[in-house]
Amino acid sequence: MPPSPRHLLVAAIIAALTARPLFAALAMPKKIENVVFSIAMEDEARPFVQSLGLAPQAGFFPKAAPFVAYRGKYKGCTVTVVTSGKDSVYGEKDGTGVDNVGPVPAALAAFLAMEKLGGEGGADLLVNAGTCG
């Protein structure tokens, strides 16, 4: 039986964080030192953020953007997790906590994260850890 998509995702995350190639054909010529994970919903990101001990990064995104970033080190690798934040109409203002999901917020959050990290030497790997976006 072939591995499930979930098992492949876990293997990819472990490979990225330990700088070991998932498949020999995908081996990168340099060590992976800076990884960005794009995760749409904050509830999906929370266990990952907590288990790696990442801290919220105020000012990572422009003030007008609803996106949220968490950063920290794991086994010598800088890990950044970005989420799409809360919806401006149905999220924070009315207290329902609706996440800002979909392909447009996910793409914009990933783009802005890559732009931000470009000034810090760039990210070695971007992982879209979800199916939307």
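Trainee: Where do I start? How many helices and strands does the protein have?

Mentor: Start with the overall layout. This is a predicted model, and the protein in it has three helices and five strands. Going along the sequence, they come in the pattern α-β-α-β-β-β-α-β.

Trainee: Since it's a prediction, which elements have the lowest and the highest mean pLDDT?

Mentor: pLDDT is the predictor's confidence in each residue, from 0 to 100. Here the protein averages 79, and 71% of the residues score at least 70. Helix α1, residues 5–18, has the lowest mean among the elements, at 59. Strand β2, residues 55–56, has the highest, at 96.

Trainee: Next, burial. What share of the residues count as buried?

Mentor: The idea is to look at the relative accessible area: under 20% is buried, over 50% is exposed, and partly exposed is in between. In this protein, 38% of the 133 residues count as buried. As for the accessible surface, it comes to about 8,100 Å², with 61% of that belonging to carbon and sulfur atoms.

Trainee: Let's do charges. How many salt bridges does the structure hold?

Mentor: Side chains of opposite charge can pair when their charged atoms come close. This structure holds two salt bridges. In one of them, D43 pairs with R46, and their closest N and O atoms are 2.5 Å apart.

Trainee: Why are D43 and R46 about one helical turn apart?

Mentor: Count along the helix. Both residues are in α2, residues 42–52, and they sit three residues apart, so about one helical turn separates them. D43 has a relative accessible area of 47%, so D43 is partly exposed. R46 is partly exposed as well, at 39%.

Trainee: Which side chains meet in a salt bridge at 3.3 Å?

Mentor: Those of D99 and K86, with the 3.3 Å taken from N to O. Both residues lie in the loop between β4 and α3, 13 residues apart. Both D99 and K86 are buried.

Trainee: What does N100 touch?

Mentor: Not counting residues up to four places away, N100 touches P66, F67, S84, G85, K86, D87 and P105. N100 has 15% relative accessibility, so N100 counts as buried. A polar atom of its side chain lies 3.4 Å from the backbone oxygen of S84.

Trainee: Which residue has its C-alpha atom 7.5 Å from that of N100?

Mentor: M41, which is 59 residues away along the chain. M41 sits in the loop between β1 and α2, and it is partly exposed at 30% relative accessibility. Leaving aside neighbours within four places in sequence, M41 is in contact with T83, D99 and V101.

Trainee: One last residue. Where is D124, and what does its side chain reach?

Mentor: D124 is in the loop between α3 and β5. The side chain of D124 reaches the backbone nitrogen of E33 at 2.7 Å. With a relative accessible area of 17%, D124 is buried.

Terms used: Residues numbered from 1 in each chain as written. Predicted model: local features only at pLDDT ≥ 70, side-chain atom pairs only at ≥ 80, totals over all residues. Heavy atoms only, no water. Helix = DSSP H or I, 4+ residues; strand = E, 2+ residues; numbered from the N terminus. Buried < 20%, exposed > 50% of the residue type's maximum accessible area, 1.4 Å probe, protein only. Areas by Shrake-Rupley, 256 points an atom, 1.4 Å probe, with all protein chains shown as cover. Polar contact = N/O pair within 3.5 Å; in protein donor to acceptor, adjacent residues only side chain to side chain. Contact = heavy atoms within 4.5 Å. Salt bridge = Lys/Arg side-chain N within 4 Å of Asp/Glu carboxyl O.
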